Each structure stands twice: as structure tokens, then as C-alpha cells.
Amino acid sequence: MAAVAQAQAVLEARFDAGNPPFAAERQGEAVGYYPKIVEAAARRAGLKLQGQAVPWMRALRALDEGQACAVGAYATPTRRERYLLSEPVFRDRILVVGLRERRLPPVREVTDLQGLRVGMVRGWVYGPLEPHLPSLQRVDATYDDQLFMNLASGRVDVVLAVQYAAQYTMAQLGVDGQVLGELAQADLHLLCPRTPEFRALLEKFDPAVRELRRSGEMARIEAQTLGK
């Protein structure tokens, strides 16, 4: 009974350690937009957040083992069947980015990427684009910095990246990139184990997220951490 009570009071969450400015690890702490917004919602809901920044594949493993929610993932039909999804905590713009010096043509849809080497993050599911990606020549990277280093070195022709992570990483690495197109917008959620304990946590967490959005606090945290 004590273990159940603790599970209902503590929200275990895993953040992607290689996804600044959304999430990163700094001196053993999870930092960035997702830790801030999840902490704010948990506090409002009366929950204690236990968060860790880890490689994304480890976050997904903790999710599949029923230990924690993985923060910042798109919804797919398979994920809706397999996991509990929180109220959206952000809305992404999924971009195609190339080097400015390459002068590649605009990209309006996934089929425009045929024949190009496309950099993507290993283990990342690209929401509504996912059904169209298997036909592409894909080159995987572990983190966004490796993704854009592959672009700068010519190992890939373009990369799929989200707006603020792309801006942050290119600025950090000095990569002169150009947005060639926006392929989709998609909401990001917490993916949580499909158990009664995590369902009870989300029943408290989700109304708190909606209140953060209604009150303007979510917009303030976005502006503070993402520069919106």
C-alpha cells in the first residue's frame, strides 16, 4: 500500500538529455523547457516530480519497463494503444534544414526528399510524417548536435529537425543552415505506462497543464526558455 501511495504522489519522468533548449543535462540536473513546464504542472497538481535527463533510447526503455513517463513525444496510433498520453505540453514545427551554401530547392512535401541523404535522430518518431519516411535514404544520429555536424560535414544533404532545437544547435555549432520547408506541425506529450498508477497521476497532471495554458504561465515559460 505504501508503494502504491508513493507512485500516486510522485511523477517519475525522463527527459531527452540531448535535446536543448527543450531538455538537456547540466551538472546532474534536467534543464530546459520540458523540465520547467512539467515541474510547473506537477507542482500545481500537488505532485512531486522526479525527473532525470537521459539519452532518449533510455527514456523509452524506462517507459516500456513501466518506470517513468518519457517527456516530449508525438502521438501515433500505436502509441495511443500502447501508452497513456498527457495533455499536449508543446506544439512543434518539423522543418527540413540544409546548408545555405548548397542552395537546395524548397521542400514542400516528403516526396521532395527522394534522392537526398536525410539526417534524423535515432529512436525519434516524427509524428504525422512517420508513414512516409521508410522510402527515404536515412542517416541516423544520437543527438541534435551530431545531426547538424553530419550536415556541416556533408555526410547528409538535409536534416529533419524541430524549430527551436534547430535554431539552438546551429547557433551553438556555427552551422549556416537554411530552412527549406516546414513539413508538419505536431503536439508533444508525456508518454506514460498504461497502468492505474500513472492514469491517476495524469488525471491530476492534465488539468494543471490546461490551467498553465489558460493562465498564460505556459507562454511565459516558453518565452523564458525558448526565446519565443
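Predicted model: local features only at pLDDT ≥ 70, side-chain atom pairs only at ≥ 80, totals over all residues.
In general, the strands of a sheet pair through backbone hydrogen bonds, in either a parallel or an antiparallel way.

How many bridges join β2 to β3? There are two, and the strands they join run antiparallel. Strand β3 covers residues 23-26. Within this pairing, Asn19 stands opposite Ala23 in β3.

The chain as a whole has eight helices and twelve strands. Its radius of gyration is 18 Å, close to the 17 Å that the globule rule gives for 228 residues, so the chain is as compact as a globular protein of that length. Taken along the principal axes, the box filled by the C-alpha atoms is roughly 60 × 35 × 30 Å.

Some totals for the chain are listed here.

| Property of the chain | Value |
|---|---|
| Share of buried residues | 52% of the 228 residues |
| Accessible surface | about 11,000 Å² |
| Share of that surface on carbon and sulfur atoms | 47% |
| Positive side chains | 29 side chains |
| Negative side chains | 27 side chains |

The centres of the positive and negative sets lie 2 Å apart. Contacts can also be sorted by separation along the sequence. Among those between residues at least 6 apart in sequence, 74% join residues at least 24 apart.

Conventions. Residues numbered from 1 in each chain as written. Heavy atoms only, no water. Pairing = 2+ DSSP bridges. Helix = DSSP H or I, 4+ residues; strand = E, 2+ residues; numbered from the N terminus. Rg over C-alpha atoms; globule rule 2.2 N^0.38 Å. Buried < 20%, exposed > 50% of the residue type's maximum accessible area, 1.4 Å probe, protein only. Contact = heavy atoms within 4.5 Å. Areas by Shrake-Rupley, 256 points an atom, 1.4 Å probe, with all protein chains shown as cover. Lys, Arg positive; Asp, Glu negative; His and termini not counted. Charge placed at Lys NZ, Arg CZ, Asp CG, Glu CD.
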